[in-house]
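Me: I have a model open on my screen and would like to learn how to read it. Could you walk me through it, feature by feature?

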Amino acid sequence: MEVVQVLHMNKGNGDTSYAKNSTVQRKIISFGKTIIEEALLELSSNYDIDSMGIADLGCSTGPNTLSVISQIMDIVRATSGHLRRRVPEFRLFFNDLYSNDFNSLFMLLPAFYKMLKEEKGIGLASSQCFISGVPGSFYGRLFPSNSLHFVYSFSSLHWLSQVSAMIILK
């Protein structure tokens, strides 16, 4: 059986869905916050970026994805202000397997856009935030050259050991 068929999350918003059962992932994300802050501070301090490409590999379907993106945008905006630079536009790429319920994730976007506008002053009319879904396995190439500045994955890299074991067993 293909790895892509084995590794998936439960779709939708039901009692067994990833969206309702992702507290472990939320905890992992909280542990990684300092690392993300440090990496983004270094990136933003060393490069004046007009359009920042950010990818979440293994984003799945729940609200954790948008929470992390919101934090990343806050850090970049604060650093840009501190350095007296223009805040870059954000190109956000959400990646997961083809079987991911991207519709559940995209259904969260209207509220996310509203929050960006009301709480952070980031509006779609001024073309500051572009969001795309990128289905596919991150074991292959997903993005064109020079399109990303920051890539992260919180709870999908643990599958690498599973893949290695499957290859060894073959």
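This is a predicted model: local features need pLDDT of at least 70, side-chain atom pairs count only at pLDDT 80 or more; totals for chains, interfaces and linings use all residues.

Me: Let's begin with the layout. How many helices and strands are there in the protein?

Reply: The protein has six helices and four strands. Along the sequence they follow the pattern α-α-β-α-β-α-α-β-β-α. Of the 170 residues, 42% are buried. As for contacts between residues at least 6 apart in sequence, 78% of them join residues at least 24 apart.

Me: Now the sheet. In what order do the strands lie, and is the pairing parallel or antiparallel?

Reply: The general idea first: strands of a sheet pair through backbone hydrogen bonds, in either a parallel or an antiparallel way. Here the four strands make an open sheet with the order β3-β2-β1-β4, and the pairing is parallel. At the edges are β3 (129–135) and β4 (150–152), each pairing on one side only. From one strand to the next, the twist averages 15°.

Me: How should I think about the core?

Reply: In soluble globular proteins, nonpolar side chains tend to be buried together. In this model the largest nonpolar core has 28 residues, and those with the most contacts inside it are I54, I72, M73 and F112. Elements giving two or more residues to this core include α2 (23–46), α4 (102–107) and α5 (109–120). The most comes from α3, with seven residues. There is also a second, separate core of five residues, including A55, L57, V134 and F143.

Me: Which residues of α5 are buried, and why do they line one face of the helix?

Reply: An α-helix has 3.6 residues a turn, so residues three or four places apart point the same way. In α5 the buried residues are L109, F112, M115, L116 and K120. Seen down the axis of α5, its buried residues fall within an arc of 115°, so they line one face. What covers them includes α3, α4 and β3. On the face turned away from that buried side sit the exposed residues P110, A111, K114, K117 and E118. After α5 comes G121, with a positive phi near 70°.

Me: Could we finish with single residues? Is S44 buried or exposed?

Reply: S44 has a relative accessible area of 7%, and because buried means under 20%, S44 counts as buried. S44 is in helix α2 and touches M52, V76, T79, L83 and R85, not counting residues up to four places away in sequence.

Me: And Y47, is that buried or exposed?

Reply: Y47 is exposed, with a relative accessible area of 52%. Look for Y47 in the loop between α2 and β1. Y47 and H149 are 102 residues apart in sequence, and their C-alpha atoms are 9.9 Å apart in space.

Definitions and conventions. Residues are numbered from 1 along each chain as its sequence is written. Side-chain values use heavy atoms; hydrogens and water are left out. Two strands pair if DSSP finds at least two bridges between them. Axes are lines fitted to C-alpha atoms, for helices over the stretch in contact, and angles run from 0 to 180 degrees between N-to-C directions. A nonpolar core is a set of buried Ala, Val, Leu, Ile, Met, Phe, Trp, Tyr and Cys residues joined through side-chain atoms within 4.5 Å. Buried means under 20% relative accessible area, exposed over 50%, partly exposed in between (1.4 Å probe, protein chains only). Contact means heavy atoms within 4.5 Å. The arc is that of the directions from the helix axis to the C-beta atoms.
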